[in-house]
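Dear colleague,

Here is the structure I said I would pass on.

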Amino acid sequence: MRLSLVAASAVSFLASCGSLVAQVPAFPSIRLIVSTFSYPTNPGVAGVYFVDTADTGRGTPVVVTPIVGLPCELSGACGGSNGSQFVVRDPRTERLLVGSGVDNGGSIGAWLLTLAGNTVVASTSIAVGVVSAFDSAVNAGAFLPNGDILLATGRITSGVNAYRPILRWSPSTGALVPIALPALHQVTGNFCNALVVSPDGNTAFAICKSNALFGASMTFDLLVIPLNGGAATVVPSGLAVGEFVTQLHWDCSGELRGTTAMFPLGTGGRVMRWTQQGATWVPSGALSWPGLHDSNGGNFDPVTCLAFANSNALGGASSIHAYGLWIGAWPITSGPVQPWGLVSGIDVDPDPEVFEAPSGVAANTWDYRPFLGGVPQVGNAQFALSLTVDAAGIPFAWVDLARTPGVQLLGIDVFLSPAAIALSSPSPAGCGGVGGSRCWWLLPLPYNTGLIGLEVYAQAVVLHQSGLGASDLLQFKIR
């Protein structure tokens, strides 16, 4: 079964390049992936959950679905573990990376999980080390483009990974290799609390403790770590004494952000920001969002540019809020029916999502941050695909319900079956233009529940005077 540009499954894909103005619905349904742990002051169920936010346009409620079949370390059911300390989704494989923690010493590690629906069907463990007599965890992780994994760890004081808080794991060898950090960040008692990798996969950013003190007296630096050689550099963090970043993420504009908590706990949290200036990164202020309180996790949806952060009330509920320019603080959920302890990490499963890279002449890319056509849900009559053409050219586009590993045709990489290609009519004059132009293909989605779950892929080819250029690959699932 294939979806062509003419019609399929009651969806007409109309080639268009007018002055379409699409609006993101006031609050569409967005899928989050949330990790939680149990702590004496916030007891609850530890684990990992899918959280589908409420759709205010349709009146559908928040749906929280626990992931079942987790290793016992991630549910806090064995070995002194307290549950899941972070969660990161691999967009290439849909696998989840989740770290574990302990309250009073024991083994800590990370798990690579393969899911079928909300059930774990396979897991690979990455043993990081053993800690004693205090609480510690694998605090953060990130996937690299080649399949390797970076981990940021807590206070490991013995074994081969002692005082080496950033580790790189290779799935081909199963080996953990320490990443060299400045000497100050590889001494007794220090650890790294948050980690994120740049979109190109060449640089890691980590928040690491910079003194030997704990609690209200500890201080943290932002480290910029090249992953292809070179020494890590220290960037002033702008954090207050006793303030620590709990999760790093990127916003729609490419700005680095981090949710924070403050010792003594209960004094509030905020969102720190860093921007690149030349060859360095500098603090660019903080956001004080309403309702943000000891935030253990935060992330950004690139499709709608909505930000999500959790609020941990000491000894009370651990909730999640959304933050947007037009909605302020919007409560998303206070957790499942059975209290879920402390939220420790938030990831977003964006829809639509972009994969692969442009090829051939020029760099023709699907517009993604934000996705101006809104989310692909039934009833969105303004849903559209938008392509930026960076040089004079004539664009064509096609869609299919499956992707291929990629073949080369006429110097471009094609990720949809050549047998399924049904080219659209060339865009009207003025769509392609010297210096860059945006082209639209309108795809109105009727309110037909039979379309829900349909997974669609799209790619574009642009005919330039000097040859062909292919776009990256866009994937979306109708909701």
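The link of C252 and C305 is left-handed, with -105° about the S-S bond. This pair connects distant parts of the chain, 53 residues apart: C252 sits in the loop between β17 (243-250) and β18 (256-262), and C305 in the loop between β21 (298-300) and β22 (307-312). The sulfur atoms of C252 and C305 are 2.0 Å apart. Please keep in mind that this is a predicted model.

C305, at 22% relative accessibility, counts as partly exposed.

The count of disulfides comes to 3. Another of them joins C192 to C208, with an S to S distance of 2.0 Å. The torsion about the S-S bond of C192 and C208 is about 100°, so this disulfide is right-handed. It also links distant parts of the chain, from C192 in strand β13 (residues 192-197) to C208 in strand β14 (residues 203-209), 16 residues apart. C192 is buried, at 0% relative accessibility, and C208 is buried as well, with a relative accessible area of 0%.

The remaining disulfide is formed by C72 and C78, whose sulfur atoms are 2.0 Å apart. Its 75° about the S-S bond makes the link of C72 and C78 right-handed. Both cysteines are partly exposed: C72 has a relative accessible area of 30%, and C78 has 22% relative accessibility.

Now the pocket. The second largest pocket has a volume of about 810 Å³. Its lining is made up of 31 residues, and F37, D135, N193, F244 and F263 are those that lie nearest its centre.

Which strands each supply at least two residues of the lining of the second largest pocket? They are β5 (81-89), β9 (136-143), β17 and β25 (342-349). The largest share comes from β9, with 3 residues. By residue class, the lining of the second largest pocket divides into 15 nonpolar, 13 polar and 3 charged residues.

Regards

Notes. Residues are numbered from 1 along each chain as its sequence is written. This is a predicted model: local features need pLDDT of at least 70, side-chain atom pairs count only at pLDDT 80 or more; totals for chains, interfaces and linings use all residues. Side-chain values use heavy atoms; hydrogens and water are left out. A disulfide is a pair of cysteine sulfur atoms within 2.5 Å. Buried means under 20% relative accessible area, exposed over 50%, partly exposed in between (1.4 Å probe, protein chains only). Helices (H or I, at least four residues) and strands (E, at least two) are DSSP runs, numbered from the N terminus. On a 1 Å grid over the protein atoms alone, a cavity is a set of points where a 1.4 Å probe fits but cannot get out, and a pocket is an open set with protein on both sides within 12 Å along at least five of seven lines; lining residues have an atom within 4 Å of a point. Grid points are joined across faces, edges and corners, and a volume is the space filled by probe spheres set on the points. Ala, Val, Leu, Ile, Met, Phe, Trp, Tyr, Cys and Pro count as nonpolar, Asp, Glu, Lys and Arg as charged, and the others, Gly among them, as polar.
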